[in-house]
Amino acid sequence: MIRSRKLRYSLLLLGSVMALGAIIAEDRTRLLERSLFQANQAREDKAPDGSLWLADYHAVRQAQPIEGISDDLSALTYDPQSKTLFSLTNQREKLVQLSLDGKVLRTIPLSGFDDPEAVEYVGPGTFVVADERNLRLHLIKVGDDTRAIDAAQGRQLTLEGDSGGNKGLEGSAYDPSTDTLFLAKERDPLQIFEVNGFTRDGQAGQASVTANPARDGGLFVSDLSSLFFHAPTGHLFALSDESGVLLELDENGQPVSSLSLSEGQHGLDEDVPQAEGVTMDADGNIYLVSEPNLFYVFSKRQG
């Protein structure tokens with residue numbers, strides 16, 4: 001009995017070591033692919049046709065503490081109607097409205113949400129909030145006089161699958177031309193889901209969820225923490241906290257440009273410590289928030 005138990009423990013230990021080795025090998029492969037991609041990008045003297053070209057962006061505001069937020073800032077989306085930003089805090093759940101210079105305009109308490117990690121503007125006064133752990137989407141309304149939001153008052157959709165605990169839905173993006181909501185699963189496995197038919201009135205119960213394993217398998221990052229969609233190019237942008245990079249993906253899901261979040265890159269004085277949310281305004285400025293409460297802005301160099 002003792003020998004059998006020791007053998008079982010030894011096999012479990014061996015399995016754990018082999019799994020860890022596979023993870024390390026995979027991360028090294030991704031690091032090599034990412035490094036080669038960034039080196040090739042640095043040699044390019046002009047942007048490929050149809051690309052936003054993140055190589056031309058530089059930090060114009062960095063590591064600015066957001067006063068009034070002490071911890072757990074996550075997600076970011078741009079509201080073109082109010083020309084403001086919306087974010088979340090996911091412990092004491094609140095929707096946070098920010099000015100474009102990173103000032104808190106108001107906070108709105110949330111109730112009935114499990115673990116809100118992503119928020120996305122999908123139309124005037126309308127947002128989707130994604131719960132990480134239970135893979136649930138909430139369609140919410142936010143007006144000038146909104147003082148609190150109850151999840152039970154909005155449309156909901158729960159995705160099938162296993163979030164892996166704290167490795168579920170982390171980011172979202174929206175393509176209004178096709179009514180496609182992109183959702184980033186953080187890792188294990190890293191995935192981007194596409195949801196159609198959830199955000200618009202009259203489509204309740206008709207939502208479809210698809211995945212693109214070929215695209216997701218080609219992403220040379222360790223995790224996903226946020227997304228945004230750029231309508232003029234039709235490109236999806238994916239943020240990775242662990243890999244410290246923002247990727248531009250073309251219509252086929254292939255990386256075409258990147259923005260490194262490391263010290264000395266794109267005008268950064270220090271590494272971005274924990275990138276949790278990213279979005280873009282109508283003028284092409286990129287906004288990024290880093291947990292617990294740091295605010296960044298990147299703008300494109302003229303000429």
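Colleague: Which side chain does Thr199 join through the polar contact of 2.3 Å?
Modeller: That polar contact links the side chains of Thr199 and Asp179. A polar contact is a pair of N or O atoms within 3.5 Å; within protein, one must be able to donate a hydrogen and the other to accept it, and residues adjacent in sequence count only if both atoms are side-chain atoms. The model is predicted, so local features need pLDDT of at least 70 and side-chain atom pairs count only at pLDDT 80 or more, while totals for chains, interfaces and linings use all residues. Residues are numbered from 1 along each chain as its sequence is written, and side-chain values use heavy atoms, with hydrogens and water left out.

Colleague: What joins the side chains of Thr199 and Tyr174?
Modeller: A polar contact of 3.2 Å joins them.

Colleague: Is Thr199 buried or exposed?
Modeller: Thr199 counts as buried because its relative accessibility is 9%; buried means under 20% relative accessible area, exposed over 50%, and partly exposed in between (1.4 Å probe, protein chains only).

Colleague: And where does Thr199 lie?
Modeller: Thr199 lies in the loop between β13 (191-196) and β14 (208-211). Strands (E, at least two residues) and helices (H or I, at least four) are DSSP runs, numbered from the N terminus.

Colleague: Where does Asp179 take its positive phi?
Modeller: Asp179 has a positive phi near 55° in the hairpin of β11 and β12, which has 4 residues between the strands. The two strands run antiparallel and are joined by 6 bridges; strands pair if DSSP finds at least two bridges between them. Within this pairing, Gly171 stands opposite Ala184 in β12.

Colleague: Why is β11 described as largely enclosed by the rest of the structure?
Modeller: Because 7 of the 7 residues of β11 (residues 169-175) are buried.

Colleague: Changing topic, in what order do the strands of the open sheet come?
Modeller: The order is β6-β7-β8-β10, with antiparallel pairing. Its edge strands, β6 (116-123) and β10 (156-158), each pair on one side only. Between β7 (residues 126-131) and β8 (residues 136-141) there are 6 bridges, and Ala130 has Leu137 in β8 as its bridge partner.

Colleague: Lastly, how many residues has the largest nonpolar core?
Modeller: It has 20 residues, and Tyr57, Leu246, Leu261, Ile286, Leu288 and Phe298 have the most contacts inside it. Such a core is a set of buried Ala, Val, Leu, Ile, Met, Phe, Trp, Tyr and Cys residues joined through side-chain atoms within 4.5 Å. Apart from it lies another core of 16 residues, including Phe220 and Leu227.
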